[in-house]
Amino acid sequence: MDLDELRRAPLFATVDDDAFSTLTDQLTEVELSRGKSIFHEGEEGDELYFITSGKIKLGRATPDGRENLLAVLGPGEIFGEMALFNPAPRTATATAVSETVLAGLKHENLKKVIHQAPEVSVQLLRALAQRLSRTNESLADLVFSDVPGRVAKALLDLADRFGRPAPDGVLVAHELTQEELAQLVGASRETVNKALAEFVQRGWLRLEARAVVILDIQRIRQRSR
Ligand code: CMP
């Protein structure tokens, strides 16, 4: 596997070659096609994963059998690290939403690297703090924002991370179905559909297969507040 990308990730950029080779000792490369899971909620696990390419959704089953998405992560992001700090079964199921390549790193190796290069733990804390702050925000939105507002916000967040300039706006190839988008914003598919249709009708966006083109980002931003 090409380790350059891993080497350049903010998490590992400052570690020396020795620490880096400890980390990548027993590294496994995993290729997943859309819909395939690397692990399931409730399983034991001793590896974390770095996303080399593609996208991963992290989902939890609700007691009545529906699914709720905690996040959609892309290249350069890691997941599956929680058990390293808080020994417990996997807190979510990780599933590819497009062709995805992962690098699996042993928890034990990361633990050793943290001792060799403590600055890695600062980067990890930073990633966890960002995740907590995003989660806090989603929680507040569930209470205070309506569904169109939450859809607008989710699209902006996806645009921030996966958006690319297009001739008429920003192309966001989020790779999610409308059902998955609904699971991400915590609403029914019908309500999310209606919100998207309204945005389209107002000329704020265009829908494509598992993607949107945001045509008027200002309006979408206003609607997200
Ligand atoms: P772990 O519990 O090992 O397996 C599921 C993973 O999902 C977890 O580690 C985290 O990496 C990730 N995860 C859990 N909750 C969130 C969240 N709210 N936002 C983003 N990622 C999460």
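Start at the second largest pocket, whose lining has two nonpolar, five polar and four charged residues by class (Ala, Val, Leu, Ile, Met, Phe, Trp, Tyr, Cys and Pro count as nonpolar, Asp, Glu, Lys and Arg as charged, the others, Gly among them, as polar). The model is predicted, so local features need pLDDT of at least 70 and side-chain atom pairs pLDDT 80 or more, while totals for chains, interfaces and linings use all residues. Residues are numbered from 1 along each chain as its sequence is written, and side-chain values use heavy atoms, without hydrogens and water.

Select Thr 62, Arg 66, Glu 67, Asn 68, Glu 179, Ala 182, Gln 183, Gly 186, Ala 187, Ser 188 and Arg 189 to show the pocket lining. A pocket here is an open set of points on a 1 Å grid over the protein atoms alone where a 1.4 Å probe fits, with protein on both sides within 12 Å along at least five of seven lines; lining residues have an atom within 4 Å of a point. Helix 7 (178-185) and strand 5 (67-73) each supply at least two lining residues, and helix 7 gives the most, with three (helices are DSSP runs of H or I, at least four residues; strands are runs of E, at least two; both are numbered from the N terminus).

Next, select Phe 39, Tyr 49 and Phe 79, which form one aromatic cluster (rings of Phe, Tyr and Trp, its six-membered ring, pair if their centres lie within 6.5 Å; planes under 30 degrees apart are stacked, over 60 edge-to-face, the rest tilted). Both Tyr 49 and Phe 79 are buried (under 20% relative accessible area, exposed over 50%, partly exposed in between; 1.4 Å probe, protein chains only).
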